[in-house]
Amino acid sequence: MQLKIYNSLTAEKEIFKPILEGNIGMYVCGPTVYSNVHLGNVRTFLSFDFIYRTLMHLGYKVRYVRNITDAGHLTDDGNVDNDRFVKQTRLEKLEPMEIVQKYTVDFHKVLDMFNLLPPNIEPTATGHIVEQIELTQKLIERGFAYESNGSVYFDVLEYNKRGLNYGELSKRNIEELFANTRDLDGQGEKKNPQDFALWKKASPAHIMRWNSPWGEGFPGWHLECTAMSTKYLGEKFDIHGGGMDLKFPHHECEIAQGKACNDVAPVNYWMHANMLTMNSQRMSKSTGNYILPMQLVSGENDFFEKPFHPSIVRFCFLQAHYRSVLDISNDAMIASEKGFIRLMEAVKVLNSVMPDDSKESGFNLKEWKEKAYDALTDDFNSPILIAHLFEAVKFIFALNDGKETISTEDLADLKSTLHAFIFDVLGLQPIEENNNEKLDQTLQVLIELRNQARKSKNFELSDQIRDKLLAEGIELKDGRDGTTYVLN
């Protein structure tokens, strides 16, 4: 098996070659913890959780670093009053680190709910101020940065003059970047409009501030990831991931900082997860087309007819490739719920299947496994993997109905492989048994009512119960030992 990864830098799928055989260094840009994590963020982190799980399943030892941005996040490089943490402290009348703690706890709670594995290292921007100051000093010494009125900026024009290419990741032309720059507050401090802040001078009202060689201030947004990825993964590492919205300027700036500091491209493979839409529209608070993860799970919203278990949400998300736009809607969630229930029912059924070594297995397990692994290693193609899982599901129900056979060896292999794909790689979790017990109890009542109707020769009511259940994806099967049901 050869793992292929789509590299945003080259815009091509490439055969993955780790820097150190069998080992992978992976950095993913984490949340800015000034508000509740939104569903689009969850989609990005869930995508990289699936990628992380896949890499480990394929046998790699992965050091996964995902940062927490808890300082210095400006909406632009200009107006210090646009610092998101400062704004939120004013709104909630809390100290900045109270805001940080509140929303970091929320972030972890939400990701735990969707069964995301924690990273190996989760560093914070405020915990690495010293490293960011040292990087800024190095960039000044090397002529790639300059101090202006207590702030320090990266000199984009100087970077390009030295034969480097600011814009290589986002495929932007430097002259066009200069021409299209907005007139932002603080631009008078810059040599060039596209220069970005490495360190910002703190205004008298700015609460989050640290001492530096240039006076009291705070780090620019882009520098923290270079400081932390370099510290924990080295000057050059394998994979850097994040949302599509971070490609420019954040990741573009990281490349420039890395090359300017260390004379080497910091990352071999850049990976970007695409956006999440709802009802075919961009999710936005301003338009009202917006929902928090907890609201989707609790059902406390105006968009979905019922609550959805976190595993069903996770299953829905993984049915789209991480590089594709994912649109969620009530219909999509209902369909995902039915698919998830059928998948879990197949796992349960497989545990009760009896092998038959007198006949050849009716399922080419070797070929099926190859197709499933081809999907996994083809840029982490979760929807194709899931499609192959349902090929196995179809076979499992045929086994249960006595229409197919399987050998003892193949049954053990199918069980272990299916378990690995569903629970270890996709990270799905069964819905708690008490929910299934309630469903079973309810269906047993309906089956009993139908049996009574049949005994009374009320075939109209009997057929009505059967047909209505079938319409909801529940098929009743009458046999010598009574009536059973299958979730379709």
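Modeller: In this predicted model, ring pairs link F144, F154, Y159, Y166, F196 and F248 into a cluster.

Biologist: How many aromatic pairs does the structure hold?

Modeller: The structure holds 19 aromatic pairs. One of them joins Y166 and F248, whose ring centres lie 6.2 Å apart.

Biologist: Why is the pair of Y166 and F248 classed as edge-to-face?

Modeller: Planes over 60 degrees apart count as edge-to-face. The planes of Y166 and F248 stand at 65°, so this pair falls in that class. The two residues belong to distant parts of the chain, 82 residues apart: Y166 is in the loop between α5 (156-161) and α6 (174-179), and F248 is in helix α8 (residues 247-262).

Biologist: Are Y166 and F248 buried or exposed?

Modeller: Buried means under 20% relative accessible area. Y166 has 2% relative accessibility and therefore counts as buried. F248, with a relative accessible area of 18%, is buried as well.

Biologist: Which parts of the structure does the pair of F315 and F390 tie together?

Modeller: F315 belongs to helix α10 (residues 310-318) and F390 to helix α13, so their pairing ties together parts that are 75 residues apart in sequence. The ring centres are 6.4 Å apart and the planes meet at 55°, so the pair is tilted. F315 is buried, at 1% relative accessibility, whereas F390 is partly exposed, with a relative accessible area of 24%.

Biologist: Which charged residues lie over the faces of F45 and Y146?

Modeller: A charge over a ring is judged from its distance to the ring centre and its angle to the ring normal. R66 lies over the face of F45, at 5.7 Å from the ring centre. K191 lies over the face of Y146, at 4.7 Å from the ring centre.

Biologist: Which residues of α12 are buried, and what do they pack against?

Modeller: L365, W368, A372, Y373, A375, L376 and T377 are buried. The buried residues of α12 pack against β1 (4-7), α1 (39-57), α13 (382-400) and α14 (408-425).

Biologist: How many bridges join β14 to β15?

Modeller: Six bridges join strand β14 (residues 474-479) to strand β15 (residues 482-487), and the two run antiparallel. The strands form a hairpin with two residues between them, and G479 stands opposite G482 in β15.

Notes. Residues numbered from 1 in each chain as written. Predicted model: local features only at pLDDT ≥ 70, side-chain atom pairs only at ≥ 80, totals over all residues. Heavy atoms only, no water. Pairing = 2+ DSSP bridges. Helix = DSSP H or I, 4+ residues; strand = E, 2+ residues; numbered from the N terminus. Buried < 20%, exposed > 50% of the residue type's maximum accessible area, 1.4 Å probe, protein only. Contact = heavy atoms within 4.5 Å. Phe/Tyr/Trp six-rings, centres within 6.5 Å; stacked < 30°, edge-to-face > 60°. Lys NZ or Arg CZ within 6 Å of the ring centre and 35° of its normal.
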